[in-house]
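Subject: Structure handover

Hello,

Here is the structure for you to look through. My notes follow below it.

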Amino acid sequence: MNNFASSLGNKNKFLIFGCGYSGSFFATAIKKFGCTVLTSSRSEKKDPNSFVFNSENDIIPNKKIFDGVTHILSCIPPDKNGNDPVLVKLKNQLKTLSPEWVGYLSTTGVYGNTNGDWVSEMNKPNPSQKRSRKRLNCEKEWIASDLPVQIFRLPGIYGPGRSTFEAIRNKKIRVISKKNQVFSRIHVADIAYAIIYLLQNKNSLKFHQIINIADDEPCSQKEVIQYCYNLLGLQMPEPILFEDARKELSPIAQSFWMENRRVSNKLLCKTLGYKLIYKNYKIGLKNC
Ligand SMILES: NC(=O)c1ccc[n+]([C@@H]2O[C@H](COP(=O)([O-])OP(=O)(O)OC[C@H]3O[C@@H](n4cnc5c(N)ncnc54)[C@H](OP(=O)(O)O)[C@@H]3O)[C@@H](O)[C@H]2O)c1
């Protein structure tokens, strides 16, 4: 991993809130640097390094969990009121810890629709979906917390166990074609290793509070599905026009097709120098 210099080690203790797909990938990666890692989920796990946190049932972790914490990463989406679950329940507790760093996984949905144009961190957020307005509100809550927070805006996350291959295998695939429509995406490993890269090089890189983590090649969903079928040596079903497919899509699926943007990774990859492990879906899908 030539992306790394030094610095993370056994003196560091990470709390990861919301150890789902990205959170658990990050936990596994950061443990390899010798860091102590405790992870939350909403239900009891056998793992002694896991603790229960559920903002909806008011289950908050025992104070002992927070002893010696240096880093915090939250991977939990907004609650139904559009507030951040961790801040609603634990803001005062976190502030007493004076952590070195706090990371928050957000979404590029906050940019709204750009009709296929590129968006960067310089663009003013313009969320058009209710869930993205809630997300933007959570970003604002983190910034207002005065904790040393860094926000990572993510497009569609894929990786082993969560990719188009699973959709094909589970027969949940629908090949939809919509003119000029693209989606941005990111491999889960690049989320984890981009964050680790920034932490490892914290002292030499300028601090940016908001950073997109996206791959180099936004493209149509049809292209990605076609590529998977080719790798599997199978025939892709005929694409359905979006206008015809629309009425059968759930409201949430429809809402994804209402936004068309290319997410720029220039800040992360050019200015800050992170080298993507999976630059595009072709390399990334071979890993799935
Ligand atoms: N999936 C995508 O394509 C995508 C794209 C952009 C951004 N994002 C955002 O990036 C973050 C990470 O995504 P992901 O797909 O890795 O997430 P994920 O697998 O869905 O995991 C979410 C985690 O949040 C926990 N959680 C949810 N509501 C909670 C609550 N009220 N109190 C306590 N814990 C709660 C879940 O607990 P349990 O483990 O108990 O279920 C889970 O561990 C999320 O905020 C997500 O919305 C996702």
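**Two loop residues with positive phi**

D146 sits in the loop between α3 and β7 (149-154). Helices here are DSSP runs of H or I with at least four residues, strands are runs of E with at least two, and both are numbered from the N terminus. D146 is not a glycine, yet its phi is positive, at about 70 degrees. D146 is exposed, at 66% relative accessibility. Buried means under 20% relative accessible area, exposed means over 50%, and partly exposed lies in between, with a 1.4 Å probe and protein chains only.

S98 is a second case. Its phi is positive, about 45 degrees, and S98 is not a glycine either. S98 lies in the loop between α2 (85-97) and β5. S98 counts as exposed because its relative accessible area is 58%.

**How to read the model**

This is a predicted model, in which local features need pLDDT of at least 70 and side-chain atom pairs count only at pLDDT 80 or more, while totals for chains, interfaces and linings use all residues. Residues are numbered from 1 along each chain as its sequence is written, and side-chain values use heavy atoms, with hydrogens and water left out.

**The ligand**

The ligand is surrounded by 23 residues. The closest are Y21, S22, R42, R135 and R162.

- Y21: a backbone N or O atom lies 2.8 Å from a ligand oxygen.
- C19: a backbone N or O atom lies 3.0 Å from a ligand oxygen.
- R162: a polar side-chain atom lies 2.8 Å from a ligand oxygen.

How much of the ligand does the protein bury? Taken alone, the ligand exposes 900 Å², and the protein buries 79% of that. These areas come from the Shrake-Rupley method with a 1.4 Å probe; for residues, only the protein chains shown count as cover.

Strand β5 gives the most, with three residues. By type, the shell divides into ten nonpolar, nine polar and four charged residues. Nonpolar here covers Ala, Val, Leu, Ile, Met, Phe, Trp, Tyr, Cys and Pro; charged covers Asp, Glu, Lys and Arg; the others, Gly among them, are polar.

**Helix α3**

Helix α3 covers residues 130-144, which makes 15 residues. From first C-alpha to last, α3 reaches 21 Å, close to the 21 Å expected at 1.5 Å a residue. The expected span is 1.5 Å times one less than the number of residues.

Which residues of α3 are buried? They are S132, R135, L136, C138, E139 and W142. Seen down the axis of α3, these fall within an arc of 155 degrees, so they line one face of the helix. The arc is taken from the directions from the helix axis to the C-beta atoms. On the other side of α3, K130, K140 and A144 are exposed. R135 is also among the residues closest to the ligand.

**Buried residues and their contacts**

A polar contact is a pair of N or O atoms within 3.5 Å; within protein, one must be able to donate a hydrogen and the other to accept it, and residues adjacent in sequence count only if both atoms are side-chain atoms.

R261 lies in the loop between α8 (251-257) and β13 (262-263). R261 is buried, with a relative accessible area of 13%. The R261 side chain reaches the backbone oxygen of T108 at 3.2 Å.

Y274 is in the loop between α9 (266-271) and α10 (281-286). Y274 counts as buried because its relative accessibility is 2%. Its side chain makes a polar contact of 2.6 Å with the side chain of D190.

S41 belongs to strand β2 (residues 36-41). S41 is buried, at 12% relative accessibility. A polar contact of 3.5 Å joins its side chain to that of K45.

T70 is in the loop between β3 (50-52) and β4 (71-74). T70 is buried too, at 12% relative accessibility. T70 and Y274 are 204 residues apart in sequence and 23 Å apart in space, C-alpha to C-alpha. T70 and V175 are 105 residues apart along the chain, and their C-alpha atoms are separated by 45 Å.

Best wishes

Note on methods
Near = heavy atom within 4 Å.
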